[in-house]
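Here is a short briefing to read alongside the sequence and the 3D view.

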Amino acid sequence: MQLMKKNNAFALAAASLMSATNISSVSAADWSHELNTFIYNESDGRVSDKSIKYSGKASLNDGDTLLNLNLGVDILTGASPTGALPSDGKTQIITSPSGGTQTTNTSSTLEKAPFNDKRFSFDVGLNKAINETGTRANIGFSFSKENDYKHLGLSTGLSKEINNKNTTLAIGLAYSADTIDPIGGTPRPLSPIGTRKTLSSKSKKSIDMILGVTQILSKNTITQFNYGYGKQTGYLSDAYKRISVIDNNGNIVNNIHEARPETRAGHNFFAAIKHSLNNGNVITETTRLHADEWGTNSFTSELKYRMALADKSSIEPYVRFYYQSAADFYTPQLSNEKALPSYASSDYRLSKFSSYTLGATYRLKTSSKNEWNLTGEYYQQVPGGLNFGEDDDDDNSSSGKTVNNPGYSAFILSLGLKF
Amino acid sequence: MKMKLFLISISLLLGACSSNVKPWERGNLARAEMTFGAEGLINTINDHVYFSKEATSGGSSFAAGGCGCN
Amino acid sequence: MLKKPKSILIIILFSVLFLSPQVFADGKKIDLSSYKGKVVVIDFWASWCVPCRKSFPWLNKMQNNLKTKGLIILGVNVDENSKDAKNFLDKYPANFSIIFDPQGKHAEYYKIIGMPSSLVFDRQGNLVEQHVGFKEKYIKEYENTINKILAK
């Protein structure tokens, strides 16, 4: 199941852009490493992920050449809601905004697909100065594999410092070719559960482009603005997700497989600012706007405040707010009175919701080269989120909690060491 | 009046842009906490979580900033 | 129409206010009169500058080996808080003279364009060579330059 995939193609290019002088440990060896283990746990027996990650960076030729290597192993267990309505007698009647809704009790009645998956990921990047005036080029390769999903990616980019190194311009390009082999085969779009599946692999390709400007505003303030465009084509559906087709009385007539479009193009606008106060503490704020042709538009805002504690430690509390609108083809269920649409999905991840994260990272330097970090975060997803008025479709109550999208929370705990 | 305000804003903006941090004044910016991309694996982890649980992803920061040495 | 000259005046005023740090600051020259007859290398460094730290062993070596030939190295520190520089020197000692320039007045005077910066003055006190950055691949070049000026 494509639960955790190497997402940000530019994590690679981005890491590569780090110059030698940014390596936090001033040490004789020009390698710096980070090892991190983390646990992600959702409420209601949903997804659980245990992971170990390694990140290594090397600086050669006084920073003219930078290498970076990332490795990761994830063990994913638990069960994820399929999107179908509960099949027991107490079926909720979900009607259009003109009708009423009844919510049933717990999501333990939710139909879930269990899994036990191991994911391995690897990426490597090279970043080189190509002249003496601050121009650098980078290339990267990424790979990941889990039971039913394989990813291969290439990235490249350029960056240039201008304006007495107060401004950095950057451009990046990434290409991914993924192969999907759903367990049990790939269902036909909107076909009933139990009908024949194709056993051949499916493919998904994506291209991403990013333009960025980093601007120093003062001795204590630095900002960054990025624009990104991405387009995915191929098999974009989730083979394990289902939609319930109900009759007028709310009884399930049928459960069918979902179907998503074969292309998805979107834009990202990102802005970030870091500002250091007189006492040395640092405020970081980031904002991102996303719009795409599926209708899943989003707004994200994060705020972090890093406070120095004693001489060698710090704590950085962090809040994040996220809101997304539902995909055009998202629906909590379908009616057997109407013709099937071309595309439909009940995947909670495509619904309208807000999410809130509250967390903090504690860091402790135990030597000139070693720094421990401990992070705890609480994440909550609230379907419906903000209601800006009459944006509901007629027979698609994409706003508000439903019995098959009740929301959930998750806890993250991470322990790492930079050395 | 509108034209006056507009011209004043432009000159203020230009003034702000011309604030140029000198190479020897970058001590604060050289700190890892003031550098984009120096946060470490916790950022990667968060990005993965949000990618998996939300419909939109990408558009995060590039590594940049720092001391500007060499 | 009457308002136009007033607007222009305001724009000029603002521009002057913002540009003034660059235009009107001159910085402070380092007095090299006591080094007449010597070749002086002024090296601008800071505790937060990684290539600077890497240049120290080489600067120490040059000062040791070429002192008798008349080489004087002056390390000008630009840390805004000189305490950071002193902590750095405890870990990475220098056997050349250190001048503290926390407000960057010397850096301003010599119009330093990058960190670290090295300025080489001949025996008559004239600035003859300058380079930005410190890279191992250029060490031979740096040494040749200094030896050439010492030979004059």
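Which residues touch the most other members of the largest nonpolar core? They are C:Phe44, C:Ala46, C:Cys49 and C:Met115, in a core of 36 residues. This is a predicted model, in which local features need pLDDT of at least 70, side-chain atom pairs count only at pLDDT 80 or more, and totals for chains, interfaces and linings use all residues. Residues are numbered from 1 along each chain as its sequence is written, while chains are lettered from A and ligands numbered from 1 in the order in which they are written.

**Nonpolar cores**

- A nonpolar core here is a set of buried Ala, Val, Leu, Ile, Met, Phe, Trp, Tyr and Cys residues joined through C-beta atoms within 7 Å.
- Buried means that 20 or more other C-beta atoms lie within 10 Å of a residue's own; exposed means 12 or fewer, and partly exposed is in between, with C-beta atoms placed from the backbone.
- A second, separate core has eleven residues, among them A:Ala84, A:Val245, A:Tyr343 and A:Val403.
- In soluble globular proteins, nonpolar side chains tend to be buried together.

**Around C:Cys49 and C:Pro116**

- Beyond its neighbours within four places in sequence, C:Cys49 is in contact (C-beta atoms, placed from the backbone, within 7 Å) with B:Cys67, B:Cys69, C:Met115 and C:Pro116.
- C:Met115 and C:Pro116 are joined by a cis peptide bond, with omega about -15°.
- C:Pro116 sits in the loop between α4 (105-109) and β4 (117-121) of chain C; helices (H or I, at least four residues) and strands (E, at least two) are DSSP runs, numbered from the N terminus.

**Two lysines with positive phi**

- C:Lys111 is not a glycine, yet its phi is positive, about 50°.
- C:Lys111 is also in the loop between α4 and β4 of chain C, and it counts as exposed because 10 other C-beta atoms lie within 10 Å.
- A:Lys165, another non-glycine residue, has a positive phi near 65°.
- A:Lys165 lies between β6 (149-162) and β7 (167-180) of chain A, in a loop, and it is buried because it has 23 C-beta neighbours inside 10 Å.

**Chain A overall**

- Chain A has one helix and 21 strands.
- Of its 419 residues, 43% count as buried.
- Among chain A contacts with a separation of 6 or more, 66% join residues 24 or more positions apart.

Key: Contact = placed C-beta atoms within 7 Å.
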